[in-house]
Amino acid sequence: LTLTIFDDEIIEIESWDTAKRLYGVGVDIGTTSVGAALYDLSSGDFLKVVSVENEQTAYGADVISRISFAKENQKNAQALRKAAERTVNYLLKELEAKTDVKKHEIVKMTIVGNTTMHHLLLGLNVAHLAVSPFVSASNIPLEFFAQDLGIDINPQARVFLLPNIGSFVGADTMGAIVGAPQGQDFEPALLE
């Protein structure tokens with residue numbers, strides 16, 4: 001048997017040795033495109049990256065257009081949320097097709113994006129992002145089960161959203177800061 005455990009909770013029980021088949025995905029939901037990178041969690045190795053146009057572009061090319069569309073009514077906001085969900089799930093299908101990794105073997109995901117993309121994915125109110133002082137609804141790290149976000153990986157997989165810094169400085173910037181090797185030496189540095 002192989003038990004996959006996260007924070008003392010069983011994610012999955014399998015009837016064979018799958019201990020080395022644990023995978024994670026990092027997703028960057030950009031305004032124009034969305035990228036997903038697959039990692040082997042046992043070895044830490046990077047395996048594959050795929051990207052595609054953000055399906056939300058059908059509702060507006062920029063964040064202001066999408067905020068305006070979402071503010072019109074709840075149906076529009078839901079359409080934007082579902083578009084983000086479909087885009088991420090499309091990339092997961094691409095990763096599965098281009099590797100030997102099955103979606104149910106993905107037990108961890110981290111998502112970053114600018115504040116608007118973050119809020120639209122979660123179905124949070126974006127109205128305050130369009131007017132001064134541009135207040136976001138959430139600037140804390142968040143954790144969900146994949147099934148609760150409609151993400152097509154192991155249903156019990158954990159999906160982490162890095163915190164937004166504030167207004168239009170989102171979790172994508174936080175991810176770049178955390179992931180930058182320059183940040184580890186505590187010297188001033190410029191992100192590229």
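Helices (H or I, at least four residues) and strands (E, at least two) are DSSP runs, numbered from the N terminus. The structure is a predicted model, in which local features need pLDDT of at least 70, side-chain atom pairs count only at pLDDT 80 or more, and totals for chains, interfaces and linings use all residues. Residues are numbered from 1 along each chain as its sequence is written, and side-chain values use heavy atoms, with hydrogens and water left out.

Start with the backbone. Most residues other than glycine have a negative phi, and most peptide bonds are trans. Asp8 is not a glycine, yet its phi is positive, about 65°. Asp8 sits in the loop between strand E1 (2-6) and strand E2 (9-14). Asp8 is exposed, with a relative accessible area of 78%.

The loop between helix H3 (115-122) and strand E7 (142-145) contains Pro133. The peptide bond that joins Ser132 and Pro133 is cis, with an omega of about 15°. Phe134 is also found in the loop between H3 and E7. Phe134 is a residue other than glycine with a positive phi, near 60°. Its relative accessibility is 33%, so Phe134 counts as partly exposed.

Now turn to the spaces inside. On a 1 Å grid over the protein atoms alone, a cavity is a set of points where a 1.4 Å probe fits but cannot get out; lining residues have an atom within 4 Å of a point. Grid points are joined across faces, edges and corners, and a volume is the space filled by probe spheres set on the points. Across the whole structure there are two cavities of 30 Å³ or more.

The largest cavity holds about 60 Å³ of space. Its lining includes Thr4, Glu12, Arg21, Leu22 and His104. For sorting such residues, Ala, Val, Leu, Ile, Met, Phe, Trp, Tyr, Cys and Pro count as nonpolar, Asp, Glu, Lys and Arg as charged, and the others, Gly among them, as polar. The lining of the largest cavity has two nonpolar, three polar and four charged residues.

The second largest cavity holds about 30 Å³. Among the residues that line the second largest cavity are Ile29, Gly113, Met117, His118 and Ala171. Strand E6 (106-113) and H3 each supply at least two residues of this lining. By class, the lining of the second largest cavity has seven nonpolar, two polar and no charged residues.

Methods
Buried means under 20% relative accessible area, exposed over 50%, partly exposed in between (1.4 Å probe, protein chains only). On a 1 Å grid over the protein atoms alone, a cavity is a set of points where a 1.4 Å probe fits but cannot get out, and a pocket is an open set with protein on both sides within 12 Å along at least five of seven lines; lining residues have an atom within 4 Å of a point.
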